Structures are given as C-alpha cells and as structure tokens.
Amino acid sequence: VRNHLTIEDIDPSIAELWLDLDSWRLVSDGGHKHSGSFAYRISTPAGTLIASGSGLVPGSLTSMQSFRTEAYGLLQATYAATIVHSELQLLCPNNNPIPRLDFHCDNKSLIQRMSKWTHFPTFYPTIALSHDFDFTYGTIHISRQHNIHMRWHHGKGHQDKNTPGENLPL
C-alpha cells in the first residue's frame, strides 16, 4: 500500500482534530480499460484531504472488470485508513478508534455486496467462489481486525453522464 499512499503533511494539532472526528469520508474509483487501475481519497466530512492513493490492480487484463478495480480500490483505501490512523496516533497518542468510514463509490453492485457481506458472521465455501472474493473479503477482514465501522453510499459516476453536475453527489 505504501507505494500507492500519500499522507498529507500533518501538524499535531490537526492530528488531534482528525482523530476526534466521528467519521472519515473515503471515496474511490476504478477503471478496467487499458490497465486496470484505482484511486482513492480519504478526507474529513468537510472535505479536507487526509490521504490519497492510486495504482494498478493485480490480475489478468483480459479478465479485468470494473467490479474488480473498484473492489481493489476499496481494499487499498481501507488498509490505508489503518496506516493513516497509526501515523496520527504517533503524532497525538490517544485511545480513539479509527473513525467510522463513510465509503462512496459509483459501483452499485460493490456497495450491495459489501452492505450484505459485512453482516455475515462466517463465510462459507460457496461465497468464496464469488467473483473477486479476495478483495471484498480482504476489506471485511481488515475492518473486523481493526474494529472499523463502515457505511456505504452509492454516488453516480461517468455512467450518469446525462445527469446535470449540480445533481451529482459529492
């Protein structure tokens, strides 16, 4: 992740404010044409940038699909949030957990899967056969390991090109 992650310069007084927030906004996007890539931003609810990242998605380009790139972006962003939290804790030690992550994405099927799967106490073999299980399960595993609470939000994207800009979220 560190190859893809850029943490903004942080002053200790800002670190304390960011650690005291109830939530962080996490926005990611992925694309599968030509290379399979992703990008994400972690910000305060007011929009102040905390960290960002981008990179290529592992896998065969011949089978690369939008869902996979979006799911990998979510996985990387969730892991990055744990790194950012650790860095902030070094500047301003406290016992605050990672703020809730409000995840925004334009891939409705990813949002639906994550909303449903985060409530499964156990994953059975048939679920492991789902396409791109590795990335979606990885995100759930990290969120459980670090006790991260997530909320899921669908945002319109390029597929909504006929929607006026003022009607698009974020």
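In the hairpin formed by strand 3 and strand 4, 5 residues lie between the strands, and Gly47 adopts a positive phi near 105°. Helices (H or I, at least four residues) and strands (E, at least two) are DSSP runs numbered from the N terminus. The model is predicted: local features require pLDDT of at least 70 and side-chain atom pairs pLDDT 80 or more, while totals for chains, interfaces and linings use all residues. Residues are numbered from 1 along each chain as its sequence is written, and side-chain values use heavy atoms, without hydrogens and water.

| Strands | Bridges | Direction |
|---|---|---|
| strand 2 (residues 23-31) and strand 3 (residues 37-43) | 7 bridges | antiparallel |
| strand 3 and strand 4 (residues 49-56) | 7 bridges | antiparallel |

Leu26 has Ile42 of strand 3 as its bridge partner, and Arg41 is opposite Ser52 in strand 4.

Confidence is expressed as pLDDT, the predictor's confidence in each residue from 0 to 100. The chain has a mean pLDDT of 83, with 88% of its residues at 70 or more. Among its elements, the mean is lowest in strand 1 (residues 5-7), at 76, and highest in strand 5 (residues 100-105), at 93.

The largest nonpolar core comprises 43 residues, and Trp24, Ile42, Leu88, Phe103 and Leu110 have the most contacts inside it. Helix 2 (residues 66-91) supplies the largest share of this core, 11 residues. Such a core is a set of buried (under 20% relative accessible area, 1.4 Å probe, protein chains only) Ala, Val, Leu, Ile, Met, Phe, Trp, Tyr and Cys residues joined through side-chain atoms within 4.5 Å. Beyond its neighbours within four places in sequence, Leu88 is in contact (heavy atoms within 4.5 Å) with Ile10, Ala15, Trp18, Leu19 and Trp24.

Notes. Pairing = 2+ DSSP bridges. Buried < 20%, exposed > 50% of the residue type's maximum accessible area, 1.4 Å probe, protein only.
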